[in-house]
Amino acid sequence: MKIFASVIILFLSALTCYSQSFTIAGSNKKKGHSISALVDIPLKKKWSLGVSYFFVENDDFWNNFIVEDEVSFHKDHFHDETFISFEELDRGYYFPEKFIEKRPQFIRHHFVILAGYQLLKFKDFSAKIYLGGSVGTERISQYNWRLFSSSQQSELTSQVTINEGDEDIYVPFTNFQSRRDMGFGGAGRLDVNYSVFKNVLVGLSGYCILSQNISVSASLALNLVFNFSSDD
Amino acid sequence: MINKLFFSTTLIMCSLFCSKLNSQSYFSVQTSGSYWQHTELFGAGIGVGYQYSKNRTKAILAYDFGYGYNDRLEKLNPRFFPTIETIEFSIDNWQTLEMKSDYAIQHQLSLGSQFYLSKNTNSKNQLYIGVGVFAAMVKHFYTFTVKEIYHLDIIPITLPGPYDYVPFSHQTFMTLGGNVTLGLDREIKNCIWSPHLTLGIGGRYSSYLSFGVKVSKQVERKD
């Protein structure tokens, strides 16, 4: 009798995650990487219930505009007394000597509940398909400076006046957008695995999530399956 | 870089699984909650691991993925929330967007040993202490402060304020250190459940304190 029967599948993105978004700006393709974990609880016969967490991080938007990495503005102006003073700047953070600033990215968290069905089991091979619903949160951060004016591309700063009559001071990257959002949607997943040991399987997994704002994340990744089932 | 780290970790783990040592090998999955000094954030994590057991000692290789989040802007000045007006620079399209801070993503690889404190190896509950080393790659988005400004010049345009200026940055760095773990192994239904407390001490402000639960099971050969 199966007393404690659960399979935990960990899904590492050795390959890549490809995200296709059809949001405000129209078709916006972004490559990135992902990681997910799925707990699969066997139900009756070939059916199972899966609970999954899926994390997607897309590549740096900034790479679309400039080729070379640039040294952080904040690092450069850390000891610059003419620069705006931030007491919170010295929060004990580590700033590497060769600090390379990466621009904000597109990040998504998805929590998915899936119904799983075993399509086939042949010798050491098995295939399983999942369908279900997802709840996702996303964070989109984007610098828009380069989009504002092509003639300003060499300038990475703006000027601000804090109080009326004060001199202008330079500040970095004032124009960006950043938002959080939440959406509901559906998800599908196909796993094909090979049993290396009795309770350890490796394979490939395809994942597709369609969320409320009509965006699609699709990925293909390496699968590690750990089987915690026990028959007593 | 991250993909290479994932891929290398996966390959190492697969190689270890396929080795002849599997009769004393365990695989494990774990979840944890941590406080990270490097980013001053609380993070949640998931991970996988491989353990090789001999006598009262275990060698452990583990990978952990963590994500932490803290809304510092809200703490700096609550009047700005729930929304902060930011500017989207298409001239005639101004939007109000919700902005939050900070977050960090951490990929941690650790290698260590675990020693049982009890001499009775048949006991279902065994207290253990572990020591090891870790390497972590951290990606951190953070805001410094919120400052009200009078006006903003973006040559050749001057935009009259007031605006809420929010300086922010994004850094990626790597840290190294050592860790000490105190935990309890309890065998339940052929699996070993291990609640554990880990203290990591590293350079570059990379110390951390973590509480987690690990579930491990012995690798079983096919008939």
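I call a residue buried if 20 or more other C-beta atoms lie within 10 Å of its own, exposed if 12 or fewer, and partly exposed in between, with C-beta atoms placed from the backbone.

**Ground rules.** I'm looking at a predicted model, where local features need pLDDT of at least 70, side-chain atom pairs count only at pLDDT 80 or more, and totals for chains, interfaces and linings use all residues. Residues are numbered from 1 along each chain as its sequence is written, while chains are lettered from A and ligands numbered from 1 in the order in which they are written.

**Entry 1: A:Gly136.** Is A:Gly136 buried or exposed? I count A:Gly136 as buried because 23 other C-beta atoms lie within 10 Å. I find A:Gly136 in strand β5 (residues 125–143) of chain A; strands (E, at least two residues) and helices (H or I, at least four) are DSSP runs, numbered from the N terminus. Next I looked up contacts, meaning C-beta atoms, placed from the backbone, within 7 Å. Setting aside neighbours within four places in sequence, A:Gly136 touches A:Arg108, A:His109, A:His110, A:Met182, A:Gly183, A:Gly185 and A:Ser211. I also checked A:His33: it is 103 residues from A:Gly136 in sequence and 17 Å away in space, C-alpha to C-alpha.

**Entry 2: chain A overall.** I get two helices and 10 strands, in the order β-β-β-α-β-β-α-β-β-β-β-β from the N terminus. Of the 232 residues in chain A, 33% are buried. Of the contacts in chain A with a separation of 6 or more, 65% are between residues 24 or more positions apart.

Entry 3: I checked pLDDT, the predictor's confidence in each residue from 0 to 100. Chain A averages 66, and 49% of the residues score at least 70.

**Entry 4: chain B strands.** Chain B has two helices and 10 strands. I followed the pairing, which takes at least two DSSP bridges between two strands. β1(B) pairs antiparallel with β2(B) over 12 bridges, and B:Val29 sits opposite B:Val48 in β2(B). The hairpin of β1(B) and β2(B) has four residues between the strands, and B:Glu40 takes a positive phi near 55 degrees there. β2(B) and β3(B) run antiparallel, joined by 12 bridges. Their hairpin has two residues between the strands, with B:Asn55 in the turn at a positive phi of about 50 degrees. β1(B) also pairs antiparallel with β10 (residues 208–218) of chain B, over 11 bridges; B:Tyr26 has B:Gln218 as its bridge partner.

**Entry 5: cores.** A nonpolar core here is a set of buried Ala, Val, Leu, Ile, Met, Phe, Trp, Tyr and Cys residues joined through C-beta atoms within 7 Å. Which residues have the most contacts inside the largest core? In this core of 13 residues they are A:Val200, A:Leu224, A:Val225, A:Phe226, B:Phe27 and B:Val48. β9 (200–211) and β10 (215–227) of chain A, with β1 (25–36), β2 (41–54) and β3 (57–69) of chain B, each supply at least two of its residues. Apart from it I found another core, of 11 residues, including B:Trp36 and B:Phe134.

Terms used: Two residues are in contact if their C-beta atoms, placed from the backbone, lie within 7 Å.
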